[in-house]
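Dear colleague,

Please find the structure below, together with an account of what was found in it.

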Amino acid sequence: MTAGDLPARAPALARDLDNRVIAGVCAGLGRRMGVDPVILRVAFVVAAAAGGAGIVLYGLAWLLLPAERAGRAVAARVLPRGASWQVAAGVGLLALALLLFLRELGLWFSDALVWPLVLAVTGTALIWHRSTAARQRTTRLRGLPRPPEPITRGRALLGAALVVGAALLFLVWTDALAAARDVVLVLVAVVVALGLILTPLWLRLGRSLAEERAARIRSQERAELAAHLHDSVLQTLALVQRRADDPRTVSALARRQERELRSWLSGTDTLDAAESIAAALQAVASEIEDAHGATIEVVAVGDAPFDSRAEAVVAAAREALVNAAKFAGEKPIAVYAEADDERIHVFVRDRGPGFDPDGVAADRRGVRDSIVGRMERVGGRAVVSSSRGEGTEVELVVERR
Amino acid sequence: MKPRVVIVDDHELFRAGVRNELDGVVDVVGEAATVDEAVERIRAERPDVVLLDVHMPGGGGPEVLRRLAPAQLETRFLALSVSDDPEDVIVVIRAGARGYVTKTVSATELADAIHSVHGGDAVFSPRLAGFVLDAFAGSLPTKVDPELDQLTAREREVLRYIARGFLYKEIALRLGISVKTVEAHVSAVLRKLQLSNRHELSRWAVERRLD
C-alpha cells in the first residue's frame, strides 16, 4: 500500500477481517499506522519466537480490539457490561502483559510478585474508575445540584477484595505470613470486634446524613419556587392591581403570565427554540401576542429539528402572524404545525375581516416578499387563501429532502 | 328548551362567574364543590349537562365520573379545567366526558360547547384535536384492533381542520359533506379515544388506575 492510497483520515483502530491471516490484528494495525501488515506480522513472529511476548501481545490485541464490523471487542462481549469493568480488566491485562514482557527480557519477577500485582492493579482500577456513562445521566429535578456519582457498592467491594486478596497472596507466597501469624490473628480479632461495635453507629450516621440531604433539597426547591413566584406571579398580580382600570392591559398581563406559568409547570420552558420547530413557533407566537395584544393558540403535531428550512418556515409564519394580529382584533388566531422527517406544514388562520385576493396586488408586496418569496427560496411554497368575512389562512409547506 | 346544567367546581368564585355568564342561555339547576356533593347533586337533579372540574380534592372529575358510571345516565359531561396537559384531558375523556374546554374559554364558546354536548356531540378544542393526531400517529400497538386503534383518512382530515381552527360548518363546506357527518366523524374519534388500547392513551389511565 502506498501513501497515496490512504484515505484522508486514518481508519479507526480495529481488526481487519477482510485481509486477515489469523484474527486480523496485524492487518488492522497496519492499516491504522500506514505500514505494510507483512512487516508487522514478521515482527510479531520474531517476538513470539524470542520468548513468547509476541503471542501474549497478539492475544491481548485480539481480546481488546473490536472487529471492524462486529463493533465490540471480544473482551467487551465476554466481560460484564459497564465501562468500569472493562477498564479494570483492561488495566489488569495490560499490567500482566507488561510484567510478563519484562520477565521475558530477563528482569526477574517471581510468580509471588506478578500475580498479586495484577490482582491489585485490577482491584484498584475497579475502585477508582468512575463510569463516565453514569456521570452523564442528568437529574430531571429543576435546579438541584447533581448528586455525586455513587461508586457502586458491589464494584467497590469486589475491588477491595481483589486488593486485599492480592496482599494476602503476596504474603503467603513470600512466607512472610508464617512468622506474623499470631500478630495477624490478633489484628483480625480486633478488626472484627471494632466492626461489630462501629457498624450500627456508621449506619445511623449514614441514615441521618441522607435525611439531612433530603431536607436540604426540599428547602432548596421551596426557595426556588418562592423566587420564581415572586419574579413572576406576584409581580404580575401587583401590576394587575395598579392597571385595574385598563381591561386590555390587564388581560394581556394575565395571558402572558398564564403562558409563562404553564410552560414552567410543564417543563417546556427549558426547550430550546433553536432545537425544535414547535418551541420556535411557540416563541414567535408569544412575542407577537405581547407586541400586538393578540391571542394565539399554537397546536403542534410531531416535531423536527430546527434547520435552515425550518428557520424559513418559522420566519414566514411570523410574518403571517403579524398580519393576522393586525387584522384579527380580539378574535383568536390558530397556528397549526405538522412536522416530521419528510416535511413541515404550518397553517396560520385568523378570523379577521378577510380580503378579496383578486382585489389586492400591488400594495401587498409585504406578503409577496416576506412570505411567498421566503418559502420559495428554500424550495417550499406559501398559499394565502382569504375571502371577505371569512378570515384568512396562510399555508406554508416545505419538503425536508 | 334550555339545557339543565349542574356546575361542579371547588372554587366558589369560578362557579359564580360561570353561572353569571351562562345566565339566560342555560338553566343552572345546581352547584357542587366536592366529589361527594357532585355525585349526590347529579343523582338527585339528573341534569342534561354537567360542567365538571378536572382537579378537585378527593379525585376530581375522573372520580365523579367513575362513581356515576355515565353510560347509565342520560347526563352528558363536559370537562372544564385550567390545565391543558394532555394527561388530564385524556384521563377525563376516557372516564366518560364528551368534551373538554379550558377555563379561559369565552362565554359564547362555553355556551356553544354545552349545546353541542347536550345534543350528543363531542367537543374538541384545537389542542385536543392536535393531541389525538399525535397519539394516533406512528406504529400500531401489537394487539391491533383497526376499528379502535386507527383513525380513518376522513377522521384525520376532520381533526386536522379542527386543529387549524375551523368550525364544524366550515369543515363541512370545505369537505363537501353535511355538518351532521362532520359531527359523526368527531363522535367516532371520541369513541376511539375512549376505548382504544393504544399505548399512548392507555398508559395514563393505567397509571391512575382508572381502567
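Chain A of this predicted model contains 13 helices and five strands. Of its 401 residues, 24% count as buried. Among the contacts in chain A with a separation of 6 or more, 63% are between residues 24 or more positions apart.

The five strands form an open sheet with mixed pairing, in the order S1-S2-S3-S5-S4 (chain A). Strands S1 and S4 (381–386) of chain A are at the edges and have a single partner strand each, so one side of each lacks a neighbour in the sheet. From one strand to the next, the twist averages 10 degrees. Within the sheet, S3(A) and strand S5 (residues 392–399) of chain A run antiparallel and are joined by eight bridges. Ile344(A), for example, has Val398(A) in S5(A) as its bridge partner.

Helix H11(A) lies across S1, S2 and S3 of chain A, at about 175 degrees to S1(A).

H11 (residues 277–292) of chain A has 16 residues and spans 22 Å from its first C-alpha to its last, close to the 22 Å expected. Its buried residues include Ile277(A), Leu281(A), Val284(A) and Ile288(A). Besides strands S1, S2 and S3, the buried residues of H11(A) pack against helices H10 (247–266) and H12 (308–328) of chain A. After H11(A) comes Gly293(A), with a positive phi near 65 degrees.

With kind regards

Key. Residues numbered from 1 in each chain as written. Chains lettered and ligands numbered in written order. Predicted model: local features only at pLDDT ≥ 70, side-chain atom pairs only at ≥ 80, totals over all residues. Helix = DSSP H or I, 4+ residues; strand = E, 2+ residues; numbered from the N terminus. Expected span 1.5 Å × (residues − 1). Buried ≥ 20, exposed ≤ 12 C-beta atoms within 10 Å, placed from the backbone. Contact = placed C-beta atoms within 7 Å. Pairing = 2+ DSSP bridges. Axes fitted to C-alpha atoms, helices over the stretch in contact; angles between N-to-C directions.
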